[in-house]
Amino acid sequence: MATQRSKTLDVFRGLLFVLMANTHALTLAGLDGTHWLLSDFWLPNGWATVVYVVLSGYGIGWIFSVRHPPALQKPLLRRRSAVILAVMVLSNSIFAMGVLAQHGDLSPALTWGWWTGFVTLTTPWSISGVLLPTALVLLCAPAVLRLCRAWPYQTLATLVLAHIAVAVSVQWLSASVYAHHGAVRFFLTEGLGGFPVLPFVLNGCLGCWLGVYRQQNEPVWLYGIVLLLLLQLCVFASSFAAPALPWSVFRSTFGPVGKFAWVFLCAGMLARLGPKPLVSAVAQIGKFALATFVAHRVFLQLLHAAIAGTGLDALPAELRYAALWIGTLALSWILCDVLQRHYNRTASARLSRSKVPRKEDYFTQ
């Protein structure tokens, strides 16, 4: 039932975390750009953040939309959006100051210009910037849900056409005198930390459509997933073609949902056929996705500092990468296990309190 917690979606989020941790570990290890670990022969780089926003919309359309009555959906989504925005600002500020501390100079953080630079895009954003499109998808979701239910195919056509228009605009404006304009950088080309707002929000809305349509017509939805799998193969093949506007627009429009379909397929196969301990560990990480998203960066930096402090930075880059990646996955799983145990204790205590007979119950027994 879609109204139950979906194990496949937890595994899906967990796989995205594995991909994200892999990319960040490769970056910290300092592998050469031509190394095979950065090629298509290993785990795909850059998929996690793109697919994450699509998955956020999909979860809203498939599970959230039927789990909560329409009257509660808007306030719940607003509240969740506010939490994500707060996490985005707080985590980015902490890690940005951490970068300054690594360079031994915190003075920029004491100036007003450094803080306002997060808004004007003069101060660099970290990966926390991907949470802005996610929060905006949550705010747009009530309207998207209504449109998807009332006019599913018209809504899909509108979203695809809007994505094509945005992709064409990105290509045109990037080569124009407006390329460095603040609005162009924020909405179309850079966003916060390299996650342009409009393309990512449209990706999330397409994910929402996929979730709603699965509720309405799952057999046809399955054919759609197969089509997206094939489109992603075409996207991959087009990367070998000579640079051209149509190919670039095609990749921008269908690449994110195509990647979503492939990770969805892998998550479904792992959830059904994978070793139970591995599946449980990945699902556990995916269940606490927001916590691990923030915490994994702390774990990576701590492990990186430990490697440097113990003289292990002289090891080959491949071994340092393996230590960073596997160590981060292990520490993240331990964190999730602690959170799960706390959740279980809290739920058990709440259930025990609810079973204590009230005073009036003694007169009805």
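This is a chat about a few side-chain contacts in a predicted model.

User: Hey, let's start with S126. Where does S126 lie?

Analyst: S126 is in the loop between α4 (112–120) and α5 (131–150). Keep in mind that the model is predicted.

User: Is S126 buried or exposed?

Analyst: Buried, because its relative accessible area is 17% and the cut-off for buried is under 20%.

User: OK, and what does S126 touch, leaving out residues up to four places away in sequence?

Analyst: The list is N92, L192, G193, F195 and R297. With N92 there's also a polar contact between the two side chains, at 2.9 Å.

User: You mentioned R297. Which ring does its charged end sit over?

Analyst: The ring of F95, 3.9 Å from the centre.

User: Switching to aromatics. How many aromatic pairs does a search of the whole structure find?

Analyst: The search finds 22. One of them is Y58 with W221, which is stacked: the centres are 6.4 Å apart, with 25° between the planes.

User: Which helices do those two come from?

Analyst: Y58 is in helix α2 (residues 47–67) and W221 is in helix α9 (residues 218–238). They're 163 residues apart, so the pair links distant parts of the chain.

User: And are they buried or exposed?

Analyst: Y58 is buried, with a relative accessible area of 0%, and W221 is buried too, at 3%.

User: Which aromatic cluster has Y58 and W221 in it?

Analyst: The one formed by F12, Y58, W62, W221, F260 and F264. As for W62, R214 lies over its face, 4.1 Å from the ring centre.

User: New topic: how many salt bridges does a search of the whole structure find?

Analyst: It finds 4. Among them is D10 with R13, at 3.0 Å from N to O.

User: Why are D10 and R13 separated by about one helical turn?

Analyst: Because they're 3 residues apart in helix α1 (residues 7–29). D10 is buried at 6% relative accessible area, while R13 is partly exposed at 25%.

User: What does D337 form with R341?

Analyst: A salt bridge, with the closest N and O atoms 2.9 Å apart. These two are 4 residues apart in helix α13 (residues 317–355), so about one helical turn separates them. D337 counts as buried, at 19% relative accessibility.

User: Last one: which residue does E190 meet in a salt bridge?

Analyst: R185, with 3.1 Å from N to O. E190 is partly exposed at 34% relative accessibility, whereas R185 is buried at 17%.

Conventions: Residues are numbered from 1 along each chain as its sequence is written. This is a predicted model: local features need pLDDT of at least 70, side-chain atom pairs count only at pLDDT 80 or more; totals for chains, interfaces and linings use all residues. Side-chain values use heavy atoms; hydrogens and water are left out. Buried means under 20% relative accessible area, exposed over 50%, partly exposed in between (1.4 Å probe, protein chains only). A polar contact is a pair of N or O atoms within 3.5 Å; within protein, one must be able to donate a hydrogen and the other to accept it, and residues adjacent in sequence count only if both atoms are side-chain atoms. Contact means heavy atoms within 4.5 Å. Rings of Phe, Tyr and Trp (its six-membered ring) pair if their centres lie within 6.5 Å; planes under 30 degrees apart count as stacked, over 60 as edge-to-face and the rest as tilted. A charge sits over a ring if NZ of Lys or CZ of Arg is within 6 Å of the ring centre and within 35 degrees of the ring normal. A salt bridge is a side-chain nitrogen of Lys or Arg within 4 Å of a carboxyl oxygen of Asp or Glu.
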